[in-house]
Amino acid sequence: MYQHTLFGAYINAIILLLLQRVLLLVASDVDALCACKILQALFQCDHVQYTLVPVAGWQELETAFLEHKDQFKYFVFINCGANVDLLEILQPEEDTFFFICDSHRPINVVNVYNDTQIKLLVKQDDDLDVPAYDDIFRDEEDEEEDSEDESDGSEPSEKRRRFEEVCCTGRKVTLQMWLFLHFRREILFDYEQYEYHGTSSAMVMFDLAWIMSKDLNDMLWWAIVGLTDQWVQDKITQMKYVTDIGILQRHVSRHNHRNEDEENSLSIDCMRIAFEYDLRLALYQHWSLYESLCNTSYTSASLKLWSVQGQKRLQEFLADMGLPLKQVKQKFNSMDVSLKENLREMIEESANKFGMKDLRVQTFSIHFGFKNKFSASDIVYATTSLMENIEKEDSETTNFIKALDSLSRGNLDKLHQGLDLAKKQLRAIQQTVASCICTNLVISQGPFLYCSLMEGTPDVKLFSKPVSLCLLSKYLLKSFVCSTKNKRCKLLPLVMAAPMDVEQGTVIMVGIPPEVESSDKKNFFGRAFEKAAESTNSRTLHNHFEMSIIELKTEDRSKFLDALISLLS
Amino acid sequence: MAAERGLELVRELHRAAGGHLPPFRTEEMRQALEEMRALYERNQADVSEAKSGRTDLIFLIRFRHCCLLRNQRCLLAYLYDRLLRIRALRWEYGSVLPNTIQFHMSAEEVEWFNRYKKSLATYMRSVGGEEGLDLTQDIKPPKSLYIEVRCLKDHGEFEIDDGTTILLKKNSQHFLPRWKCEQLIRQGVLEHVLS
């Protein structure tokens, strides 16, 4: 059940009194990294011994659990495990406890209603829409007459899990039971059909720290980065983002109010966070303004920069603002100060004329020392590219550790390395998007759009990683929507495929919801992929924690797609 | 002749910097001692001759005597420096030395090491009340009770005194009491993470 406000007291009591150790299983995305950093800081504060194991998918999760289950009784899952029946998959002992802090929704009903072994960390006002208990589970008394041949002394939760099996044994079923099962199936189908995301785990962890009165400015920054990651990857709606920014804004002013007071201001080396109504251009302060305009999906799609007219329009845009090309192509820090002074307002005005109404976004930035100023989205891009670095042949866990390190302020060299990698990644994405649009690689399959990257495409290795591929798909869909004249195609979702491992002949496929103004970001591709794979017996692997990312063998691709088309039409 | 082999031994030790213990050169030692014995015998012969009249041999005797002293000095320096290094190993590695290092020590050096261990243990037990005080822990003042460590290679299971085991896999991070990790940090299996 929900255990939020009690979590702090609970953990403190259990851990300190019994001196138990905790195993942290952390998924591979920036939100999870930030949540993990906050939790590590809290544990270090209280001297709770823990072990941190990075997991990239379900297989690694199960392996790590099996390796460690004899040594630990308390497991904390960060951004993994909420949307499946964990007890069934992992089969833990009676006295093990699972704490799950996951932003994936919908949360599996078994996890919600289990009140002994599974504890969920959810914010009070997060609306889960969980179906009522009585609609899905039958109490013991009603089951007794039907489960005579079940083993005695089994736990109530096990009886519930086997409920469906009872009815498949061919016994006489009463009308009441049949109706119950029918409605149950419908309710569960409606509940689990769409995948979406709730509050960022980093924000939940920060909330926990705040309740325990152990929150620091550093933890607040990590919570901000976690939220910004959800926004950059388009996982939450605009409204939720703005609401969460408002919540964090209050914390920021609480921690950083000393900067406004002239007399008691802090030294320049202290870390401070500031709220900014900043430009939506990726990495623009660490790049040149021109490059940033070309490589941010929003501007590139609105100005249609893959075409010649698009390039001309960009020149007009810059001329409209009065920014000379030579200045704009220089590094941002070396631009004339007079040009930088009112840059944001100037760009916003001109952008409105060119149809880009949302060029500014509410966000935060961090300062420490004279040289170091970073915006939250900069950190998100840098950390993502460090985590999915293909340049060196390092294992995934090494990249995870590097990315985790880069979030600490002492490791600026790693952060700068991440920023360079992020620039390369963004350039690669934009070039791939431009080539896909120009060569009409995005085709409509009926209920969805489909695009497949060929093997010899430049930088295709970069897109064998899930987060990069998702980013590419979202940018591609945005650009496609701006480029196409077909009104119906503008409302379709996109399925994107890229070669994953040439030797093993696998392909990674990603499905994203349609690009609509008031989209609720709910993704039905998870279940659709599952059903299509079942019906065609394709050899698929659902390894990622996001259900809408799937790996399959290249040979099975066409029949899988056909099944998907027929399923969704 | 002029204590070259002895000098060679000293040079070898000088080159092996950083407390590293090279293998014990039994052969060269034997040759140097052989040289000393040969010089001594010749000196003996010449002394008796010099006593019976031939005073021009005195310089030669003197020269040989200086060579003998130089040999002695080189060999003693070699042996003593090795003992100092072995003593430092006790503080660095603990009471059980890795096999590779034990291989480099001669039998007498092993004997000396054992006796040193015993005398250190007796001293440590006498200090600090009933249980004694382990002086080889915390050579630098520790900043915190618990430290964050990262595993650099797959080390398998690691058992601690209270019976619990930790699985050390590459790239896993752990938050453990300082005294449990110090050994492994010195061996290079774990790395202290400063955040």
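**Close-up views of a predicted model**

**View 1. The crossing of H2(A) and H11(A) is left-handed.** A crossing counts as left-handed if the near helix is turned anticlockwise from the far one by less than a right angle, and as right-handed if clockwise. The axes of helix H2 (residues 30-45) and helix H11 (residues 201-211) of chain A come within 7 Å and cross at roughly 20°, which makes H2(A) roughly parallel to H11(A). H2(A) contributes Asp31(A), Cys34(A), Ala35(A), Ile38(A), Leu39(A) and Leu42(A) to the contact, and H11(A) contributes Ser201(A), Ala202(A), Met205(A), Phe206(A), Leu208(A) and Ala209(A). By class, these are ten nonpolar, one polar and one charged residues. This is a predicted model, in which local features need pLDDT of at least 70 and side-chain atom pairs pLDDT 80 or more, while totals for chains, interfaces and linings use all residues; side-chain values use heavy atoms, without hydrogens and water. Residues are numbered from 1 along each chain as its sequence is written, with chains lettered from A and ligands numbered from 1 in the order in which they are written.

Terms: axes are lines fitted to C-alpha atoms, for helices over the stretch in contact, with angles from 0 to 180 degrees between N-to-C directions. Angles under 35 degrees are roughly parallel, over 145 roughly antiparallel, 65 to 115 roughly perpendicular and the rest oblique. Helices (H or I, at least four residues) and strands (E, at least two) are DSSP runs numbered from the N terminus. Contact means heavy atoms within 4.5 Å. Ala, Val, Leu, Ile, Met, Phe, Trp, Tyr, Cys and Pro count as nonpolar, Asp, Glu, Lys and Arg as charged, and the others, Gly among them, as polar.

**View 2. H11(A) crosses helix H13 (residues 238-255) of chain A at roughly 40°, the axes coming within 12 Å.** H11(A) is therefore oblique to H13(A). Met203(A), Phe206(A) and Trp210(A) of H11(A) meet Asp244(A), Ile247(A), Leu248(A), His251(A), Arg254(A) and His255(A) of H13(A). These residues divide into five nonpolar, two polar and two charged.

**View 3. Ser302(A) lies in helix H15 (residues 297-303) of chain A.** A polar atom of the Ser302(A) side chain lies 2.6 Å from the backbone oxygen of Tyr298(A). Not counting residues up to four places away in sequence, Ser302(A) touches Arg313(A), Met356(A) and Cys482(A).

**View 4. The peptide bond from Arg105(A) to Pro106(A) is cis, with omega near 0°.** Pro106(A) belongs to the loop between strand E5 (104-105) and helix H5 (109-113) of chain A.

Notes
A polar contact is a pair of N or O atoms within 3.5 Å; within protein, one must be able to donate a hydrogen and the other to accept it, and residues adjacent in sequence count only if both atoms are side-chain atoms.
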